[in-house]
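Good morning, and thank you for joining this group meeting.

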Amino acid sequence: MKKQPSLFGGACIITGVCVGAGMLGLPISGAGAWTGWTLAAITLTMITMMLSGWLLLEVYQDHPIRASFNTVTQAVLGKPINIINNLAVYFVGGILLYAYITASGDILQNLAKPYLDFGEASGRIWSVIFVAIFSFFVWYSTHLVDRISIVLISFMAISFCLSISGLISHIDLNTLWDLSNENSEYAKYSLSVLPIALTSFGYHHSVSSMRAYYGEERKAKWAIAGGTFIALVLYLLWIISIFGVLPRENFAPILASNGDLGVLLQHIGEQIEVGKISQTLHAFSIAAILSSFIGVGLGTFDFLADFFGFSDDKAGRTKSWAVTFLPPLIFSLLSPLGFLKAIGYAGAIATLWTCIIPAWLAYKTKRGNQAVVFLVFIFGICTAIFHLLAMAEKLPMFKG
């Protein structure tokens, strides 16, 4: 009898897809809203994103087990909407892979520099090595991604606990709740948190992969619930640890650096003795980026395999691998835009296929609770508007 895939393994895949961008983006975007409003925004987003994934599973029930957004959207909403959705899904998946490839090259370059230096092309060479090694897991099988995700999540948990335990021991409640600034405003900055929070729970291109992996909707549903909840806990602990150590006014140079993690660690080091905490934070960041790369890669891989009709044998999977990983790698080599800026562009489009399209599909097929459908749709529309306003600098923006 074939062994059933574990719920924990599937939850780890979902967590791996989510955790990555948020670890770098959320403390920066939440500096204005600070602790209370940022935690509320992240929790609201997690609940909405979980529900929108469940709506997709509801809609998928009427379609073949390996069907993805491409198949379902065209069948329910028609070809024009499907084309827009396909462009949105691929754009977000591609630009996230691009961001992770670029960031991994920089990180590996810095780590290896004392031992192996490729000169000016070092970052690009390490990006190629990174893709060559870790995209293999996606090409080989979803089951291997499951196993690797469990290892990565376990490593992330260990490095996260070590670094967070060091930070928590230095938390100052006055700093955490910004008690020294009685006249500060927070609520008006919370709107700018939502788009980054939404991107931090953008696992929806992996919903069809989960359904195909388990062969049913029920287990996939609970894997999504578990994965998003684990991601939420990690985000909340991270925010509390950072905001409890680093005063709100100290975020000015971090914001000016576009949220560079090195600058963040530098300023944390001015508050406490970083030492091993810095090393474990870097280890956690690497594991988060790697798990996101593999998770996003799997979802994009399955989506494009369905879109192009590639077979599931070695030749077909090689074609799916090429269209999934080569374009973002090439763009990363030619024009390394930068991690946070790339994540920002992804957030502008992600609202379409994480909220708007799932709600529309559920409404058309009369699947799911209609109150949930309405909540998810409105949340997506509002978050998209907030993101566009933020990009146009029309929202209140905290400068430190």
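Predicted model: local features only at pLDDT ≥ 70, side-chain atom pairs only at ≥ 80, totals over all residues.

Which helices each supply at least two residues of the lining of the second largest pocket?

I shall begin with the overall architecture. The protein has 17 helices and 0 strands. Its radius of gyration is 20 Å, close to the 21 Å that the globule rule gives for 400 residues, so the protein is as compact as a globular protein of that length. The C-alpha trace spans about 55 × 55 × 45 Å along the principal axes.

I now return to the opening question. Five helices answer it: helix 6, residues 122-140; helix 7, residues 142-168; helix 10, residues 207-214; helix 14, residues 276-308; and helix 15, residues 314-334. Helix 10 gives the largest share of this lining, with 5 residues. In total, 29 residues line the second largest pocket. Those that lie nearest its centre are Arg66, Thr142, His143, Ala212 and Tyr213. The space in this pocket amounts to about 710 Å³. What is the make-up of the lining by class? There are 10 nonpolar, 10 polar and 9 charged residues.

Let us turn to the packing of the helices. Two packed helices are described by the angle between their axes and the distance between the axes.

Two of the helices that line the pocket, helix 6 and helix 15, also pack against each other, at an angle of about 155° and with their axes 10 Å apart. An angle over 145 degrees counts as roughly antiparallel, and helix 6 and helix 15 are therefore roughly antiparallel to each other. Helix 6 passes helix 15 in a right-handed crossing.

Helix 15 has a further partner in helix 5, residues 79-112. Here the angle is about 55°, and the axes are 8 Å apart. Helix 5 and helix 15 are therefore oblique to each other. Their crossing is right-handed.

Helix 3 passes helix 11 in a right-handed crossing.

That concludes my presentation, and I thank you for your attention.

Conventions: Residues numbered from 1 in each chain as written. Heavy atoms only, no water. 1 Å grid on protein atoms, 1.4 Å probe; cavity = no way out; pocket = protein on both sides within 12 Å on 5 of 7 lines; lining within 4 Å. Points joined across faces, edges and corners; volume = space filled by probe spheres on them. Helix = DSSP H or I, 4+ residues; strand = E, 2+ residues; numbered from the N terminus. Nonpolar A, V, L, I, M, F, W, Y, C, P; charged D, E, K, R; others polar. Left-handed = near helix turned anticlockwise from the far one by under 90°. Rg over C-alpha atoms; globule rule 2.2 N^0.38 Å. Axes fitted to C-alpha atoms, helices over the stretch in contact; angles between N-to-C directions. Parallel < 35°, antiparallel > 145°, perpendicular 65-115°, else oblique.
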